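Open the model in your viewer and keep the selection tool handy. We will go stop by stop, with something to select at each one.

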Amino acid sequence: MMRAPAPSLDLDEVEHEIRHGFRPLRFSPRIERQYEADTGEGRCRHMIRQNYVGLLVYHGFLLTDYRVIGDVFLLDLILHFCVMTPATVATNLLLARCPPRWLRAGAQTLAMIVLALTIVVVTCASRMPDRDVLIFTIILVVLFMIVMQGVEFVYATAGCAAIFILFAFGMNTFDAHSADRILMADSIMAGVMIFSLFGAYALEQRTRAGYLLTLRDRLRNEALEITSLRDALTGICNRRALDAALLRLLARRAFDPSPTSSVLLLDIDHFKAFNDTNGHQAGDRCLKRVAAILTESVRSDEGKVYRFGGEEFLILLDDHPEAEAAAVAERVRARVAGERIPRDPAGSAFVTISVGIASGRLGGETTAEALIAAADAALYAAKRGGRDRIWPPLTVDRAERDPDGLRAARA
């Protein structure tokens with residue numbers, strides 16, 4: 001399963017990697033880290049499963065070993081059950097911890113080299129006439145490492161080099177074989193390894209290319225998702241993002257409905273008159289400026305600002321009772337008024353906002369729809385009360401109900 005892309009990863013970087021290729025089988029550092037984060041755990045699980053399959057097949061060869069190298073069968077049993085079985089279990093325990101790639105691939109490659117060594121040892125120790133057949137089972141070790149385990153090309157190359165040296169040494173111990181026969185055997189093994197490595201390179205390149213295409217699609221989808229959650233004019237979160245935030249909040253409150261959430265519904269005063277006087281382009285600039293002021297005024301640990309529609313904005317405050325919410329509302333109202341955005345060409349009046357406040361325990365006795373409706377009713381009360389104010393008003397009595405929370409909200 002692919003994880004979320006790293007924060008520093010962008011679509012252009014992935015597109016560049018797709019266009020220009022990656023012949024050394026390495027991405028740029030950031031994409032390489034993301035590739036390992038997305039695929040490393042899955043590769044470890046795959047290797048663990050394959051190791052147990054390989055160990056089962058390896059022990060299955062004991063049936064033929066008994067007939068081919070019966071004179072050293074006890075040594076063969078010791079290598080099977082006292083060397084390779086513990087080595088495989090130890091490797092799998094390491095892989096279960098999802099180690100970094102160098103340790104994962106290095107441990108697997110080393111295990112394959114040890115396996116090839118055990119084959120050479122029992123072959124050289126035996127004096128049975130058909131013992132030379134056994135050494136060719138090293139081909140299966142190579143295929144297991146490259147095809148079954150998919151060890152990365154660089155590590156597979158190093159493993160093949162070490163295994164070939166072991167094979168060549170084992171062949172040279174057969175005094176009855178002519179130099180030409182040994183040379184032919186070495187050539188066959190070298191050919192198997194070369195073909196396998198070419199296949200490993202091509203497979204890893206296709207795997208990485210497929211990953212890049214998948215990553216590009218994921219980044220594109222996430223970019224579209226982010227765009228769909230943003231208001232096109234102001235750049236802040238839109239109603240769709242608000243709906244998603246409320247769903248997440250309700251899901252949390254299903255387990256703990258005790259914290260109080262608050263909604264601030266804000267409206268730019270006399271905005272229709274502003275548009276009629278200054279034009280719609282000036283109205284758009286006003287909306288963007290007010291949105292920026294609101295975003296700057298609300299800390300990330302307090303809540304988030306959403307464009308609710310038209311000239312209305314909504315601030316969702318999680319775990320903020322009424323007194324704290326009122327302090328935040330008064331802060332943003334004062335900030336907008338303090339910006340002194342001209343409401344008419346003469347500059348005789350300035351843009352202000354009215355704020356309605358509603359608080360309740362979401363997931364308990366209060367629904368999101370009821371909370372927003374209550375904030376809307378409070379907003380209209382603020383407008384009827386003269387605009388450029390919050391409703392319910394921040395009074396001494398309300399502050400005394402929650403003095404600590406009020407001081408924290410104003411900090």
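The expected span of a helix is 1.5 Å times one less than its number of residues. Keep that in mind as you select residues 73-96, helix H4, in this predicted model. H4 has 24 residues and reaches 33 Å from its first C-alpha to its last, close to the 34 Å expected.

Stay on H4 and look along its axis. Where is the kink in H4? Centre on methionine 84: a kink of about 30 degrees lies there, shortly before proline 86.

Next, show side chains on H4. The buried ones include Phe73, Asp76, Leu79 and His80, and Met84, where the kink lies, is buried too. Further along, Thr85, Thr88, Thr91, Asn92 and Leu95 are also buried. To see what covers these residues, bring up helix H2 (29-60), helix H3 (62-68) and helix H5 (101-125), which are among the covering parts.

Cysteine 98 has a positive phi of about 50 degrees although it is not a glycine. Most residues other than glycine have a negative phi. With a relative accessible area of 38%, cysteine 98 is partly exposed, because that value falls between the 20% and 50% cut-offs.

For a second residue of this kind, jump to histidine 270, in the loop between strand S1 (261-268) and helix H11 (271-278). Histidine 270 is not a glycine either, and its phi is positive, about 55 degrees. Its relative accessibility is 35%, so histidine 270 counts as partly exposed.

Time to go inside. Which residues have the most contacts inside the largest nonpolar core? Select Ile138, Ile146 and Ile163; the core they belong to has 41 residues. Colour H2, H4, H5, helix H6 (132-135), helix H7 (138-148), helix H8 (153-172) and helix H9 (179-228), each of which supplies at least two residues of this core. The largest share, eight residues, comes from H5.

Zoom in on isoleucine 138. Leaving aside residues up to four places away in sequence, isoleucine 138 touches Ala116, Ile119, Val120, Ile163, Phe167 and Met189. A second, separate core has 30 residues; to find it, select Leu287, Val290, Ile315 and Val332, which are among its members.

Come back to helix H9 and pick serine 196. Is serine 196 buried or exposed? Its relative accessibility is 11%, so serine 196 counts as buried. Its side chain reaches the backbone oxygen of valine 192 at 2.7 Å.

Now select tryptophan 391 and proline 392. A cis peptide bond joins them, with omega about 0 degrees. Most peptide bonds are trans. Proline 392 lies in the loop between strand S5 (390-391) and helix H15 (396-401).

For the last stop, colour the model by pLDDT. The protein has a mean pLDDT of 88, and 93% of its residues reach 70 or more. Confidence is highest in H4, at 96, and lowest in helix H16 (residues 403-410), at a mean of 38. Select residues 396-411 to finish: pLDDT stays under 50 over this stretch, for which the model has 27 contacts beyond four places in sequence.

Technical notes:
Residues numbered from 1 in each chain as written. Predicted model: local features only at pLDDT ≥ 70, side-chain atom pairs only at ≥ 80, totals over all residues. Heavy atoms only, no water. Helix = DSSP H or I, 4+ residues; strand = E, 2+ residues; numbered from the N terminus. Bend = angle between axes of the 7 residues up to and from the residue. Buried < 20%, exposed > 50% of the residue type's maximum accessible area, 1.4 Å probe, protein only. Contact = heavy atoms within 4.5 Å. Core = buried A, V, L, I, M, F, W, Y, C linked by side-chain atoms within 4.5 Å. pLDDT = per-residue confidence, 0-100. Polar contact = N/O pair within 3.5 Å; in protein donor to acceptor, adjacent residues only side chain to side chain.
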